[in-house]
Amino acid sequence: ISLEEFIHVAEHAKFRSYLHVRGIDIKNAEVFFEMLRTLGGQEDVDLAVLVSTLIRMKGFATSIDLHSLSFETKMLGRKQYAFM
């Protein structure tokens with residue numbers, strides 16, 4: 001799926017309602033798509049990857065989720081620095 005196709009779908013009220021019911025809030029569809037595109041290393045995102053990512057995402061990030069992610073990122077940065 002291309003960025004344009006995804007943005008078109010993401011603008012539909014029915015799609016947003018579907019995500020909202022599952023506790024998924026994509027505030028910026030373009031940033032979300034770019035994240036998936038970067039991970040896949042291709043111009044378009046495989047539809048199966050997009051669907052599986054949306055299925056795995058549920059609920060809202062809590063403060064502890066964000067702090068855990070921040071901590072893990074810092075630890076990975078330190079490990080990378082140690083190898084330089």
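Me: Is serine 2 buried or exposed in this model?
Reply: Serine 2 counts as buried, because its relative accessibility is 14%. Buried means under 20% relative accessible area, exposed over 50%, and partly exposed in between, with a 1.4 Å probe and protein chains only. Keep in mind that this is a predicted model, where local features need pLDDT of at least 70, side-chain atom pairs count only at pLDDT 80 or more, and totals for chains, interfaces and linings use all residues. Residues are numbered from 1 along each chain as its sequence is written, and side-chain values use heavy atoms, with hydrogens and water left out.

Me: Where is serine 2 found, and what does it touch?
Reply: Serine 2 is in the segment before H1. Leaving aside residues up to four places away in sequence, serine 2 touches Phe33 and Asp44; contact means heavy atoms within 4.5 Å.

Me: And glycine 41, buried or exposed?
Reply: Glycine 41 is exposed, since its relative accessible area is 65%. You'll find glycine 41 in the loop between helix H3 (29-40) and helix H4 (47-56). Its C-alpha is separated by 17 Å from that of serine 52, and the two are 11 residues apart along the chain.

Me: Switching topic: how many helices and strands are there?
Reply: The protein has five helices and zero strands, so α-α-α-α-α is the order from the N terminus on, with helices (H or I, at least four residues) and strands (E, at least two) taken as DSSP runs numbered from the N terminus. The radius of gyration is 16 Å, well over the 12 Å that the globule rule gives for 84 residues, so the protein is more spread out than a compact globule. That radius is taken over C-alpha atoms, and the rule is 2.2 Å times the number of residues to the power 0.38.

Me: What does the C-alpha trace span along its principal axes?
Reply: About 45 × 30 × 20 Å.

Me: How much of the protein counts as buried?
Reply: 21% of the 84 residues do. As for contacts with a separation of 6 or more, 59% are between residues 24 or more positions apart.

Me: Which elements have the lowest and highest mean pLDDT?
Reply: Helix H5 (residues 63-83) has the lowest at 82, and helix H1 (residues 3-10) the highest at 92. The protein averages 84, with 94% of the residues scoring at least 70; pLDDT is the predictor's confidence in each residue, from 0 to 100. Where pLDDT is low, the predicted coordinates should not be read in detail.
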